[in-house]
Amino acid sequence: MAIRHMGERIRGLRMALGMTQGDLAEKMNVTDKAVSKWERGLSRPDIDSLPKLAETLGTTVQELCGESAQKQNSRAEEILGIALLGIGMSSLALHLLQARKSGQK
């Protein structure tokens, strides 16, 4: 993720909420200069503060960091597909073992 894009998201969300940099800084317990640096892409918020920042701005950490809801859903669908494939393969292996055992009797 490009640092500048996160700053642009922070700025856009802050402005949409009608907050000044000072307002956001106060809520985040940082200086308004820190918020300005975030928004200009000169630095990033501390990783430990991202949940609070996202909550303050009315978004998720994933969206704040640039992961769209569509991308999150796509990843979830991919994981689900892999899990279902694993379950199917396990079921097939169990069926083959049972068939082999019954053929040995």
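Leaving aside neighbours within four places in sequence, W38 is in contact with G7, I10, M28, V30, S43, R44, P45 and L53, where contact means heavy atoms within 4.5 Å. The model is predicted, so that local features need pLDDT of at least 70 and side-chain atom pairs count only at pLDDT 80 or more, while totals for chains, interfaces and linings use all residues. Residues are numbered from 1 along each chain as its sequence is written, and side-chain values use heavy atoms, with hydrogens and water left out.

The protein chain contains six helices and zero strands. Helices (H or I, at least four residues) and strands (E, at least two) are DSSP runs, numbered from the N terminus. In order from the N terminus, the elements run α-α-α-α-α-α. Of the contacts in the chain with a separation of 6 or more, 54% are between residues 24 or more positions apart. The accessible surface of the chain is about 7600 Å², and carbon and sulfur atoms account for 56% of this surface. Accessible areas come from the Shrake-Rupley method with a 1.4 Å probe, and for residues only the protein chains shown count as cover.

Of the 105 residues in the protein chain, 22% are buried. Buried means under 20% relative accessible area, exposed means over 50%, and partly exposed lies in between (1.4 Å probe, protein chains only). In soluble globular proteins, nonpolar side chains tend to be buried together. The largest nonpolar core in this model has 13 residues, and those with the most contacts inside it are I10, L24, W38, L53, L57 and L64. A nonpolar core is a set of buried Ala, Val, Leu, Ile, Met, Phe, Trp, Tyr and Cys residues joined through side-chain atoms within 4.5 Å. At least two residues of this core come from each of helix 1 (3-16), helix 2 (21-28), helix 3 (32-40) and helix 4 (50-57). Helix 4 supplies the most, with four residues.

Two helix pairs involve helix 2. For such pairs, axes are lines fitted to C-alpha atoms, for helices over the stretch in contact, and angles run from 0 to 180 degrees between N-to-C directions. Angles under 35 degrees count as roughly parallel, over 145 as roughly antiparallel, 65 to 115 as roughly perpendicular and the rest as oblique. Helix 2 and helix 3 pack at about 110 degrees with their axes 8 Å apart, and are therefore roughly perpendicular to each other. In this pair, Q21, G22, L24, A25 and M28 of helix 2 meet D32, V35, S36, W38 and E39 of helix 3. The axes of helix 2 and helix 4 come within 10 Å and cross at roughly 135 degrees, so these two helices are oblique to each other. Here L24, K27 and M28 of helix 2 meet K52, L53, T56 and L57 of helix 4.

Within helix 3, the residues A34, V35, S36, W38 and E39 are buried. The C-alpha atom of V35 is separated by 8.8 Å from that of R11, 24 residues away along the chain. R11 is found in helix 1 and counts as partly exposed because its relative accessibility is 43%.

N29, in the loop between helix 2 and helix 3, has a phi near 60 degrees, a positive value in a residue other than glycine. N29 counts as exposed because its relative accessibility is 64%. Just after helix 3, G41 has a positive phi of about 75 degrees.
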